[in-house]
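I want to look up charge pairs first, then the surface.

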Amino acid sequence: MIKKAILATGISLLCLAPVYAEEPATLTDRIDRVDEVIYGSAQDGSLISRVDNADNLIYGTGNSSASGLDNRITNLYTDVVKSDNDAQPSIATRVNAMEYYLTDEIKSDSLKTRIGDLETKVYGTEKKGALDQRLANLEKSVYGDQHYEMKTVELPANTVFKISLNDDVSSKTNQVGDPVTFTVQEDVSVGNVLVLPKGSQGSGVVTKVSRPKSFGRSGALDVSFDQVFSVDDEVIPTVLGPEAKEKLKMEAAAVGASTIGALALGPIGLVGGFFVKGKDVSLPAGSTLYIETQEAVTTKGLELTSGAPNAVIRKRVVRSAAATEETTAAASDNEVKETALPAGAEKKAGAEVKEKAEAKAEESASAMNEKAKAELESVREKDTEKDAAKAAGSSEETPSVVIVRND
C-alpha cells in the first residue's frame, strides 16, 4: 500500500483549527504558537513561567535548551513547531507523520496526549519523561531501520483533489468576506513524496451572498477556495479551475441532482450551490467538492528513507535555583530533576555569600590602607632627610623653614 511506503504528515497540528501560514514576529507570538501545539491553546502567566513549563515537557524536568528567553523560545519553536532542517523535522510534524502512518488520521489533541496515545498503541502503556526522547524511542520502535526526511518537490499546476467543508455555509447566515475552511480528503503526492495528506487544511472566503427573492427566485452563494497549506506550512494557491469543475459536474451527475442538489458553477475560482428555487442556498458541513492547484509550486513533503531514525536530542542545560553558572546535564532517561535548595536554605546561603564578600572587601581595603600608609611614611622620611641636608648646608643667618604636615 503506497501510504505505508510513504510517510507524511498534515500541515497543521490541529486539523480543524485555524491554520497559520505567517511566521510569528515576536517572542510572545512564538511562545503562543508553541503553547498551541503543546497544550492546544496559548497559556496564561509570565513568559519565564511559560517557557519553563514548555522546557519541562519537551526536554525534561529542570532542563532547558539554552540561556536567555530569546534563545530558549527560538529553540522551542524550531524543535516543536517548525524546523528548517529537512533531515530533522519538528516534533509536531513527526507526531503527525506517525499518527498518519499508524492510524490513517491526524488528531487534534495536545502534543502530550497524542504522544501518550501513540505509546499506548505501540507499547500498551504511556511512558514518562521528556517528550523529545519519548518520540525518538517511538520512532525507533515503529520505523526500525527507516526514517523520514523532508524533500523539496514541485507540485504541478492543475493538480485536482477532493475537499470537504468544515462548517455549514448558507446564504441565510453568511456574509461576504466570511472565512471558509475545508479539509483535504485524499492524499496529494509528487512521486514518493506526500505533500498534502488526507486531513490537511485550507481556507477560502465567501464572495457573494444573495437572499431569496420574489417569484420563486433562489438565493445565491459564491465561495472562493483560495489556498491549502503544505506539510512545511507554506501556502499553495488553489482555485476551482476547469479540471476541478469538470470532475465536480461528473460526480454531481453520478449521484443525481435530486440527491445532492445542482451546483451552479460561476467564473473560474467560484462555486455557487442551490437546492430548491425560492430557498436559501445551503452547503452543509461535510459537502465534498474538488479544487485544483492554481500554479506550479515548489514546496516540501515527507518521504520514508532507508536508515535508522536520525532524531537528534538537543543538548540540555540544567536550570538551578542555587547556582548562577549553567552546566550541561546528561541522564540516561534525559530527565534531570531541578536543583533546588530546601526552604530557608536559599536565604541562608545568600547571607553567607554576602558575609564572605564583605569580609573579603574589608580585608582588601585594609591591605590597601597599610600599603598606602607605608608609602606615605617613606615619602615623609625622604622629605625630612632632604630638609636636614639643606639646613646643614646653609649659613646660620638663613632662616630655617619648618614644614608642618597633618598626619
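I count a salt bridge when a side-chain nitrogen of Lys or Arg is within 4 Å of a carboxyl oxygen of Asp or Glu. Bookkeeping: this is a predicted model, where local features need pLDDT of at least 70, side-chain atom pairs count only at pLDDT 80 or more, and totals for chains, interfaces and linings use all residues. Residues are numbered from 1 along each chain as its sequence is written, and side-chain values use heavy atoms, leaving out hydrogens and water.

**Salt bridges.** Searching the whole structure, I get ten salt bridges.

I looked up aspartate 79 and found it bridged to arginine 314, with 2.8 Å between the closest N and O atoms. Aspartate 79 sits in helix H4 and arginine 314 in the loop between strands E15 (297–306) and E16 (316–318), 235 residues apart. (Helices, H or I of at least four residues, and strands, E of at least two, are DSSP runs numbered from the N terminus.)

Buried or exposed? I call under 20% relative accessible area buried, over 50% exposed, and in between partly exposed (1.4 Å probe, protein chains only). Aspartate 79 counts as buried because its relative accessibility is 17%; arginine 314, at 28%, counts as partly exposed.

Next I checked arginine 72, which meets aspartate 55 in a salt bridge at 2.8 Å, N to O. Arginine 72 is in helix H4 (residues 69–81) and aspartate 55 in helix H3 (residues 47–59), so this pair ties together parts 17 residues apart in sequence. Both arginine 72 and aspartate 55 are buried.

I also noted glutamate 149 with lysine 151, at 3.6 Å, N to O. Glutamate 149 is buried at 19% relative accessibility, while lysine 151 is partly exposed at 28%.
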